[in-house]
Every structure is written in C-alpha cells, then in structure tokens.
Amino acid sequence: MSDPIADMLTRIRNANMRKHDTVEIPASKMKIAIADILVNEGYVEKYELTGEGVSKKIVITLKYTANKAERVISGLKRVSKPGLRIYAGKENMPKVLGGLGTAIVSTNVGVITDKEARKQGVGGEVLCYIW
C-alpha cells in the first residue's frame with residue numbers, strides 16, 4: 001500500500017456512506033493520531049485498539065444524528081499525497097469551509113488541527129480536510 005492515510009480516509013468515507021456503525025482499519029501511530037483528532041473534534045464517537053503487534057487494528061465507531069438520519073461527517077479529502085506533498089506555513093494555514101471544517105496537519109509538535117497550528121504558530125504538511 002503506497003498511501004495508508006488515504007486508505008484510512010477511504011474506509012471511513014465508505015463506511016459512513018453505507019451508515020455502518022463501526023469501521024476497522026490497520027493501526028499505525030499516524031492513524032491513531034488522526035483518529036484521536038476525529039474524536040476530539042466530534043466527527044466520530046470513539047475508537048479502540050484491538051489485536052497485538054502486526055495485526056493491531058483501530059475500530060472507529062462512527063457518529064450519526066438520531067435514528068441515523070444524517071451523517072456527522074459530510075466529507076473527507078486527502079490533500080498531501082506521496083506523489084505531491086502539500087505544506088502550509090503558519091501564515092497561510094488553510095481554513096476548511098470558512099472555518100466550519102477541520103484540516104489535519106502534521107507538524108514538528110505532532111499531528112494537530114489547523115486551529116491548533118494557528119494558535120501555536122507552526123506550519124507543516126496538510127494531511128487531509130474533514131467537514
């Protein structure tokens with residue numbers, strides 16, 4: 001697999017479109033950091049780690065409104081890809097949907113949101129947008 005983060009986002013997008021309760025993703029430190037941001041920003045209910053070693057998985061519980069009427073996640077987009085890396089400095093950090101969405105950024109202080117990057121005054125690689 002050449003782009004594991006894109007695979008994670010695609011699995012979440014597909015499960016969300018089919019209104020599944022959970023989605024299972026192979027684990028890595030970067031994916032766990034992204035899942036942590038999704039929980040903190042309120043896009044998913046929770047995540048838990050299962051398995052040991054190489055077979056470690058992240059099980060993400062997706063979030064919907066009452067009776068699964070509407071999805072909380074309306075869109076996910078991978079920005080920086082292995083073939084074309086996209087970086088943003090602290091002065092030109094992107095805003096998703098005028099601040100209604102979230103950009104996930106990999107910085108030298110860890111994987112954080114665009115709002116947190118602006119607050120800390122750091123730039124980095126823009127991993128994805130979520131709204």
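Guide: A residue is called buried when its relative accessible area is under 20%, exposed when over 50%, and partly exposed in between, using a 1.4 Å probe and protein chains only. The model is predicted, so local features need pLDDT of at least 70 and side-chain atom pairs count only at pLDDT 80 or more, while totals for chains, interfaces and linings use all residues. Residues are numbered from 1 along each chain as its sequence is written, and side-chain values use heavy atoms, with hydrogens and water left out.

A nonpolar core here is a set of buried Ala, Val, Leu, Ile, Met, Phe, Trp, Tyr and Cys residues joined through side-chain atoms within 4.5 Å. In soluble globular proteins, nonpolar side chains tend to be buried together. The largest such core contains 24 residues, and Ile12, Ile34, Leu38, Ile60, Leu62 and Ile104 have the most contacts inside it. At least two of its residues come from each of helix H1 (4-17), strand S1 (22-26), helix H2 (29-40), strand S3 (57-62) and strand S8 (124-130). H1 contributes the most, with 5 residues. Helices (H or I, at least four residues) and strands (E, at least two) are DSSP runs, numbered from the N terminus.

Contact means heavy atoms within 4.5 Å. Leaving aside residues up to four places away in sequence, Ile104 touches Ile34, Ile37, Leu38, Val111, Ile112, Glu125, Val126, Leu127 and Cys128. Another core, of 8 residues, lies apart from the largest one, and its members include Met93, Ile112, Val122 and Val126.

Next comes the sheet. S1, S3 and strand S2 form an open sheet of 3 strands in the order S1-S3-S2, with antiparallel pairing. Two strands pair if DSSP finds at least two bridges between them. S1 and S2 (44-50) are the edge strands, each pairing on one side only. From one strand to the next, the twist averages 20 degrees. Antiparallel S1 and S3 are joined by 5 bridges, and Ile25 stands opposite Ile58 in S3. H1 packs on the sheet and touches S1 and S3, its direction making about 165 degrees with that of S1. H2 lies across S1, S2 and S3 and runs at about 150 degrees to S2. Axes are lines fitted to C-alpha atoms, for helices over the stretch in contact, and angles run from 0 to 180 degrees between N-to-C directions.

Salt bridges complete the account. A salt bridge is a side-chain nitrogen of Lys or Arg within 4 Å of a carboxyl oxygen of Asp or Glu, and the structure holds 6 of them. Asp21 pairs with Lys68, with the closest N and O atoms 2.6 Å apart. Asp21 is in the loop between H1 and S1 and Lys68 in the loop between S3 and strand S4 (76-78), so this pair ties together parts that are 47 residues apart in sequence. Both ends are partly exposed: Asp21 at 47% relative accessibility and Lys68 at 29%. Within H1, Arg11 bridges to Asp7 at 3.0 Å between the closest N and O atoms; the two are 4 residues apart, about one helical turn. Arg11 is partly exposed at 31%. Arg118 and Asp114 meet at 3.4 Å, N to O, and both lie in helix H3 (residues 114-120), again 4 residues apart, about one turn of the helix. Arg118 is partly exposed at 32%, whereas Asp114 is buried at 2%.
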